[in-house]
Amino acid sequence: MTKNTASVSTPWGPATPLEHVRLHQQAGDKRFSSLIELLETDRGERLLRFAYTTDGVVRRGPVTLRVRDLVRLRKELAKRPALAGALRDGFEVGAAGDA
């Protein structure tokens, strides 16, 4: 996904979506998608947003991924290096005990 001009609202102010992964899911007859998005604020700070969609509307709240969804996520992240890098960096920071 290329950077677009539409901004989204975050607690840190507006941010521009840079990349995203959308995982289509189904539970019984319910269909929805989980989103993992890389956003950037006007100050250049990068944010990761986890959300889900129903009927094309982005909603916040709990996002639940099955293990098989994580396998699909890993494959999709291979196509989105900036988003994959942000996730990787976050896990590496956490593993080192940095905050």
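**Close-up legends**

**View 1. The largest pocket.** α2 gives the most to the lining of the largest pocket, with four residues. The model is predicted: local features need pLDDT of at least 70, side-chain atom pairs count only at pLDDT 80 or more, and totals for chains, interfaces and linings use all residues. Residues are numbered from 1 along each chain as its sequence is written, and side-chain values use heavy atoms, with hydrogens and water left out. The largest pocket holds about 180 Å³ of space. Its lining consists of Ile36, Phe50, Leu65, Leu73, Arg74, Leu77, Ala84, Leu87, Arg88 and Phe91. α1 and α2 are the elements that give two or more residues to this lining. (A pocket is an open set of points on a 1 Å grid over the protein atoms alone, where a 1.4 Å probe fits and protein lies on both sides within 12 Å along at least five of seven lines; lining residues have an atom within 4 Å of a point. Points are joined across faces, edges and corners, and the volume is the space filled by probe spheres set on them.)

**View 2. The chain as a whole.** The protein chain has two helices and five strands. Along the sequence the pattern reads β-β-β-β-β-α-α. (Both kinds of element are DSSP runs numbered from the N terminus: helices are H or I with at least four residues, strands are E with at least two.) Of the 99 residues in the protein chain, 31% are buried. (Buried means under 20% relative accessible area, exposed over 50%, partly exposed in between, using a 1.4 Å probe and protein chains only.) Among the contacts with a separation of 6 or more, 37% link residues 24 or more positions apart. (Contact means heavy atoms within 4.5 Å.)

View 3. The five strands form an open sheet, ordered β1-β2-β3-β4-β5, with antiparallel pairing. β1 (8-10) and β5 (57-59) stand at the edges with a single partner strand each, so one side of each has no neighbour in the sheet. From one strand to the next, the twist averages 45 degrees. α1 packs on the sheet and touches β2 and β3; the direction of α1 makes about 135 degrees with that of β2. (Strands pair if DSSP finds at least two bridges between them. Axes are lines fitted to C-alpha atoms, for helices over the stretch in contact; angles run from 0 to 180 degrees between N-to-C directions.)

**View 4. The largest nonpolar core.** Ten residues make up this core: Leu18, Val21, Leu23, Ile36, Leu38, Leu73, Leu77, Leu83, Ala84 and Leu87.

**View 5. β4 and its partners.** β3 and β4 (residues 46-54) run antiparallel and are joined by eight bridges. Ile36 stands opposite Phe50, and Leu35 has Ala51 as its bridge partner. In a regular strand the side chains alternate between the two faces of the sheet. The covered face of β4 carries Leu47, Arg49, Ala51 and Thr53. The uncovered face carries Arg46, Leu48, Phe50, Tyr52 and Thr54. On to β5: three bridges join β4 to this strand, again antiparallel. Thr54 stands opposite Val57 there.

**View 6. Two hairpin turns.** The hairpin of β3 and β4 has four residues between the strands, and Gly44 in the turn has a positive phi of about 90 degrees. Gly44 is partly exposed, at 40% relative accessible area. Its C-alpha atom is separated by 9.8 Å from that of Thr16, 28 residues apart along the chain. The hairpin of β4 and β5 has two residues between the strands. Asp55 sits in this loop. Asp55 is not a glycine, yet it has a positive phi of about 55 degrees. Asp55 is exposed, with a relative accessible area of 79%.

**View 7. Asp69 in α1.** Asp69 lies in helix α1. Asp69 is buried, because its relative accessible area is 0%. Neighbours within four places in sequence aside, Asp69 is in contact with Leu23 and Gln25.

Note on methods
Core = buried A, V, L, I, M, F, W, Y, C linked by side-chain atoms within 4.5 Å.
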